[in-house]
Amino acid sequence: MEVAPSQNNTLKTNQLFKNIIQEDLNNAYFGGIEGGASTSFVVLYDDCGNKVAEMEGLDTNHWQIGMTECLKRINDLVQEAKKRAHIPCNTVLKSLGLSLSGCEGIETANELKEELMKNYPQLSTDCFVWSDTVAPLFAANQYDGGVVLISGTGSNCLLMNPDGSQYQCGGLGHLLGDEGGAYWLAVKLIKVCLDEAMHFQTPPLRCLTKNTWDCIMDHFGIEKVFDLLPLFYREFNKADIAQLTKKFAHLAENGDELCRWAFRELGTALENAGRRS
């Protein structure tokens, strides 16, 4: 899927960096946040390029938690990082880079920046907002383009050409996509177990489901199928569900055929995303 051309935004990013470099950087601090659907990381650097703080925080996907809460968490992350670095809390960052899950669209990124600068004007002199797929390209390959394939809680794939044009596959969230992500795999295996328990469908390759179902019950602390309903509707926590995939990976490593099948499916999904970007 072709997405909005980003050449103008790339040029704006270059100009932003040039403007910062030309300014007086004495006692200046710079920040960056990589925000995902399960967790986020913030880092602060001083004017000599020394990392003065790095920490983990809550998820910052605005589609999951709402724009207001997302902005609050961004501010809280920076403030906590300044506290850990013994930087006065009223210090305004020279620049803040935000690489956030859920900011695939230019309009959404611009909206988040405008709201952040309006509601937290003392946070940073300027900031730049883009998707969590774009920032890795700039970090790894500057402005020559490349491909980023994300398989985390969700999934996303982006190809960027040197002229700034982009082609994307994924990034639609757990309801409309995320094939090849941890949540997707966890739900896939849960559904296999439910289908067998309800006599709706036999497991793929007629694999045994006991190990997988035992893992699910242990993870959630449940005893029967209907105990899952509150966890998926009333008390839904996507990150916690996605954590199951790590346990399924251990089962696959130990030879469980159902989990091995699921990870082959995951690999195929990621391959398809890469091919279609």
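1. Let me start where H11 meets H12: H11 passes H12 in a left-handed crossing (left-handed if the near helix is turned anticlockwise from the far one by less than a right angle, right-handed if clockwise). Helix H12 covers residues 257–276, and its axis comes within 8 Å of that of H11, at a crossing angle of roughly 115 degrees. Axes here are lines fitted to C-alpha atoms, for helices over the stretch in contact, and angles run from 0 to 180 degrees between N-to-C directions. Helices (H or I, at least four residues) and strands (E, at least two) are DSSP runs, numbered from the N terminus.

2. A word on the basis of these remarks. This is a predicted model, in which local features need pLDDT of at least 70 and side-chain atom pairs count only at pLDDT 80 or more, while totals for chains, interfaces and linings use all residues. Residues are numbered from 1 along each chain as its sequence is written, and side-chain values use heavy atoms, with hydrogens and water left out.

3. Which residues make the contact between H11 and H12? On H11 they are Thr245, Phe248, Ala249, Leu251 and Ala252, and on H12 they are Cys259, Arg260 and Phe263; contact means heavy atoms within 4.5 Å. By class, this contact has six nonpolar, one polar and one charged residues. Ala, Val, Leu, Ile, Met, Phe, Trp, Tyr, Cys and Pro count as nonpolar, Asp, Glu, Lys and Arg as charged, and the others, Gly among them, as polar.

4. H11 (residues 244–253) also meets H7 (residues 182–197): their axes come within 8 Å and cross at roughly 65 degrees. That makes H7 roughly perpendicular to H11 (under 35 degrees is roughly parallel, over 145 roughly antiparallel, 65 to 115 roughly perpendicular and the rest oblique). The crossing of H7 and H11 is left-handed. H7 brings Ala182, Leu185, Ala186, Leu189 and Ile190 to the contact, and H11 brings Leu244, Thr245 and Phe248. The classes here are seven nonpolar, one polar and no charged residues.

5. Do look at H3 (residues 67–84) and H4 (residues 106–119) too, which pack at about 60 degrees with their axes 10 Å apart. That makes H3 oblique to H4, and their crossing is right-handed. Met67, Cys70, Leu71 and Ile74 of H3 touch Glu111, Leu112, Glu115, Leu116 and Asn119 of H4.

6. On domains, the assignment (automatic or from a database) gives domain 1 as 27–131 and domain 2 as 141–276. Their centres, taken over C-alpha atoms, are separated by 28 Å. Six residues of domain 1 are in contact with seven of domain 2.

7. Finally, confidence: the chain averages a pLDDT of 88, and 90% of the residues score at least 70 (pLDDT is the predictor's confidence in each residue, from 0 to 100).
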